[in-house]
Amino acid sequence: MKKDFEKILSILTCPKCKGELRLIETWFICYQCKLKYPIKKGIPILLIEEAHRLQPDER
Ligand SMILES: [Zn+2]
């Protein structure tokens with residue numbers, strides 16, 4: 001499943017800043033906005049309302 005996400009990662013962008021996303025475990029992370037978007041049941045939820053704030057120790 002991770003392989004599939006790596007394929008689509010190049011076409012996914014952060015809904016807030018349209019920037020690049022990184023795939024870390026079960027999150028798509030935007031380091032510019034310091035937000036992380038969950039992957040629920042195999043579906044990336046790229047909604048600002050669903051995003052979590054990155055903790056300062058996460059990178
Ligand atoms: Zn962003």
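Guide: Helices, taken as H or I runs of at least four residues, and strands, taken as E runs of at least two, are DSSP runs numbered from the N terminus. The model is a predicted one, and in it leucine 9 lies in helix α1, which covers residues 2-9. Leucine 9 is partly exposed, because 15 other C-beta atoms lie within 10 Å, a count between the 12 or fewer of an exposed residue and the 20 or more of a buried one. With residues up to four places away in sequence set aside, leucine 9 touches Leu21 and Leu23.

Leucine 21, in turn, is in contact with Leu9, Leu12, Thr13, Cys14, Phe28, Ile29 and Cys30, again leaving aside its neighbours within four places in sequence. Leu21 also belongs to the largest nonpolar core, whose 9 residues include Cys14, Trp27, Phe28 and Ile29. To this core β2 (27-30) and β3 (35-40) each supply at least two residues, and β2 gives the most, with 4 residues.

These two strands, β2 and β3, run antiparallel and are joined by 4 bridges, with isoleucine 29 having lysine 36 as its bridge partner in β3. They form a hairpin with 4 residues between them, and lysine 34 in the turn has a positive phi of about 55°. Lysine 36 also has a bridge partner in β5, namely histidine 52, where β3 and β5 (residues 52-53) pair in the antiparallel sense over 2 bridges.

Definitions and conventions
Residues numbered from 1 in each chain as written. Predicted model: local features only at pLDDT ≥ 70, side-chain atom pairs only at ≥ 80, totals over all residues. Contact = placed C-beta atoms within 7 Å. Core = buried A, V, L, I, M, F, W, Y, C linked by C-beta atoms within 7 Å. Pairing = 2+ DSSP bridges.
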